Amino acid sequence: MNYLRREISAPALLLCFCLAVSVFLSIETVSFYSWKNVVNILEANSYRMILAVGMMCVIASGAIDLSVGSIMSFSAVCMAKALKAELPVELCILIGILTGTLMGAVNGSLIYLTRINALIITLASSYMYRGLSLIVTQGIPITKLPESFRAIGCGDIFGMESGVTAAFVITALMVPLFFFMKWGSYVSSLGGNAEALKRCGVKTWFYRISVFAMMGALASVSGIIVTARLNSAEANAGLNMEMDAICAVIMGGTALHGGKGNLFGTVIAVFLMGLIRNGLTIMSVSSYYQQFITGAMLLMAVVIAEFRERKARIG
Amino acid sequence: MKKFLAVILAATMTLGLVACSAPSEETKAQTEAVQTEADTEAETETAEAAEEAAEAVSDTVKQLYADFDSAMEDQIGKMPEDFGEIKVGAVVISLTNPFWVNMKDCYEAAGEKLGVPIDVQTGTTEGDTASQLDVLMTMADMDYDVIIVSPIDGTNLIPGIIKCNENGVKVINLGPGVDTEALKEAGGYLDATITVDFAEQGQTVAEDMMERLPDGGQVAVLAGLAGAGQSEGRTKGFTDTINSDDKYQLVAVQNCDWDASLAYDATKALITEYPELKGIFCCNDVMALAAVEALGAEGVEGVLIYGVDFTDDAKAAITEGTMTGSMSYSSARYTEAALQMAVMLNEGESFESNVYLPLTLVNVDNVNSLEGWK
């Protein structure tokens with residue numbers, strides 16, 4: 001019973017939040033309650049969802065990754081360069097994903113080898129990767145990508161952009177990987193007690209590096225989706241995306257100290273933030289309010305979670 | 001079990017509180033937005049009163065507005081006397097940049113004046129191309145008849161424009177250009193374009209500079225961000241005109257990314273390398289004012305400095321004489337013209353060619369007669 005309460009409560013709260021916002025918007029506006037608008041919300045949040053799912057694993061492992069926005073940008077730039085060199089589209093996409101994976105693995109290796117806080121390492125690498133993007137592009141967006149690439153990156157699947165399907169497939173794959181397989185429990189244990197895990201004879205280096213490599217790969221996938229939608233790879237892409245992702249993960253009930261991840265909560269939190277963005281646009285409310293509301297909700301979510309946890313500890 | 005029930009009850013209560021507070025927050029946001037609108041109206045009214053007062057004294061400004069109106073009428077025709085119901089949306093670049101904040105106010109004032117309801121929207125932060133597209137994608141499915149877009153870069157709004165095309169929403173491109181080639185390739189089109197001819201801005205400055213430097217000399221350009229349309233256009237207009245006369249040597253074109261401190265350092269370096277430098281054209285006023293500061297710090301006098309945008313600070317510098325001139329246009333008339341085009345499109349008219357906004361060079365000679373120009 002206790003277990004259920006802990007696992008379900010954060011997403012349930014957010015879900016009610018989502019419902020309240022949806023009901024309010026359906027009553028207040030004409031355009032909200034329509035299939036088209038649902039598609040809009042899904043499309044606008046597909047790449048945020050992919051990032052947040054990866055970030056959940058990283059945070060559950062007791063680390064954090066501030067470089068995902070920069071990885072998005074640099075892997076997309078590498079892919080766009082390859083596309084411009086007229087290599088086969090599938091190969092270009094592979095290049096993009098491999099670049100992202102490699103950058104993530106570099107993050108993970110540095111953190112494992114130096115034992116310096118992930119916050120510092122990824123802060124440094126986020127500047128370096130963003131810098132690489134700027135150096136390669138010279139600040140000029142790479143545009144007019146081939147139509148065959150855009151057909152893959154944002155083509156039509158089930159009546160909506162392919163990014164939505166990608167996001168749901170990735171999330172679905174994460175369920176067995178994170179909750180029912182060795183990889184997931186070891187990654188979580190890294191956040192719980194890395195020393196104990198090591199003494200059990202587990203190769204912690206593998207899990208530390210692989211969780212960051214996976215984050216890098218997911219960041220590059222979401223970079224590919226953004227690039228295809230905008231038909232442009234640019235150095236400024238993905239600016240502040242890492243903060244949105246971290247915000248969704250924490251709001252969704254994953255604790256910053258790691259040890260445990262809440263996938264369902266993360267997904268719901270991404271959509272809650274998306275709903276609010278969409279609602280503000282539909283109601284023509286200035287974007288000034290958006291940041292304030294997001295911040296207030298994050299604060300509320302963590303305060304409620306903290307009190308619940310404290311209560312659970314005491315009795 | 002009792003404990004569990006208590007927890008559930010408590011959770012429901014918190015939830016109730018939270019759920020209630022979320023919508024009320026948004027309602028509050030809405031009322032506040034209405035209030036801001038009211039404030040803006042009041043401001044516009046006072047501004048209009050001030051403008052009237054100024055127009056009474058400044059014939060130059062009156063003349064400028066008259067020229068402007070006749071030039072616009074040549075291009076887009078007269079505003080229809082009465083027109084059907086219409087709802088217009090505008091997507092601007094950012095509301096954290098003073099230029100676009102002012103444009104938003106101008107849009108709303110113009111909407112009030114012409115009797116056209118208009119909503120002005122934007123992405124979250126400047127440079128966030130993806131969230132600007134999300135805003136347009138959402139607006140395309142709403143009940144707007146016409147949407148006026150100012151994209152962050154040439155391609156980021158293209159999927160949204162195509163969606164507008166499919167939904168029968170007319171699209172006007174104002175200011176920074178949509179990459180029409182890429183748009184065409186993707187299967188979309190613009191219904192009208194109103195913009196500033198950036199090359200003409202550079203050309204007008206070059207002509208004024210050449211007039212003031214009859215003996216020729218060395219000149220330089222401080223450009224904005226490499227690849228940005230405004231910067232490239234202004235630089236090209238200026239250099240083409242300067243290069244047409246052998247008396248003038250263009251010694252440097254430096255990209256300073258619209259940044260004051262980069263422009264400051266670049267100016268210092270330039271004046272050390274070319275002590276005979278006679279004039280600098282800066283692609284915006286922020287960089288021009290930094291150049292003025294740098295020359296002041298070096299104790300150099302007599303270099304002509306031009307900017308673009310005619311900001312309040314530039315106006316003060318031109319009045320003082322530290323800056324020579326700045327290219328200007330009326331944001332109020334710009335947005336009014338765009339709204340008029342929106343109404344005409346909705347009435348079934350079409351615009352074959354791009355509409356260009358008439359430009360004015362404010363310089364040390366005419367700055368004092370331009371009170372009330374905005």
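Chain B comes with a domain assignment of two parts: domain 1 (73-196 + 331-357) and domain 2 (198-328). Those bounds come from an automatic or database domain assignment, and the two centres, taken over C-alpha atoms, sit 31 Å apart. Keep in mind that this is a predicted model, where local features need pLDDT of at least 70, side-chain atom pairs count only at pLDDT 80 or more, and totals for chains, interfaces and linings use all residues. Residues are numbered from 1 along each chain as its sequence is written, while chains are lettered from A and ligands numbered from 1 in the order in which they are written.

**The sheet in chain B**

- Chain B has an open sheet of six strands, ordered E2-E1-E3-E4-E5-E11, with parallel pairing. Helices (H or I, at least four residues) and strands (E, at least two) are DSSP runs, numbered from the N terminus, and two strands pair if DSSP finds at least two bridges between them.
- At the edges are strand E2 (118-121) and strand E11 (355-356) of chain B, each pairing on one side only.
- Strand E5 (residues 192-195) of chain B runs parallel to E11(B), and two bridges join them. Here B:Thr195 stands opposite B:Tyr356 in E11(B).
- Helix H3 (residues 98-114) of chain B packs on this sheet, touching strand E1 (88-91) and E2 of chain B, and its direction makes about 170° with that of E2(B). Angles run from 0 to 180 degrees between N-to-C directions, and axes are lines fitted to C-alpha atoms, for helices over the stretch in contact.
- Helix H12 (residues 331-346) of chain B also packs on the sheet, touching E1, E2, strand E3 (146-149), strand E4 (170-174) and E5 of chain B; its direction makes about 160° with that of E4(B).

**Helix packing in chain A**

- The axes of helix H2 (residues 35-60) and helix H10 (residues 241-251) of chain A come within 8 Å and cross at roughly 65°. The contact (C-beta atoms, placed from the backbone, within 7 Å) includes A:Arg48 and A:Leu51 of H2(A), and A:Asp244 and A:Ala245 of H10(A).
- By class, that contact of H2(A) with H10(A) has 10 nonpolar, no polar and two charged residues. In this scheme Ala, Val, Leu, Ile, Met, Phe, Trp, Tyr, Cys and Pro count as nonpolar, Asp, Glu, Lys and Arg as charged, and the others, Gly among them, as polar.
- Helix H4 (residues 89-114) of chain A packs against H9(A) at an angle of about 145°, with the axes 7 Å apart. Their contact has 17 nonpolar, 11 polar and one charged residues.

**Where the chains meet**

- 44 residues of chain A are in contact with 43 residues of chain B.
- On the chain A side, the elements giving two or more residues are helix H1 (2-28), H2, helix H9 (204-230), helix H11 (263-282) and helix H12 (288-314).
- That side of chain A has 22 nonpolar, 18 polar and four charged residues.

**Positive phi values**

- Most residues other than glycine have a negative phi.
- A:Lys144 has a positive phi near 55°, and is found in the loop between strand E1 (142-143) and helix H6 (147-154) of chain A.
- B:Asp309 has a positive phi of about 115°, and is found in the loop between strand E9 (304-308) and helix H11 (312-320) of chain B.
- A:Lys144 counts as partly exposed because 18 other C-beta atoms lie within 10 Å, and B:Asp309 is partly exposed with 19. The cut-offs are 20 or more for buried and 12 or fewer for exposed, with partly exposed in between, counting other C-beta atoms within 10 Å of the residue's own, placed from the backbone.

Conventions:
Two residues are in contact if their C-beta atoms, placed from the backbone, lie within 7 Å.
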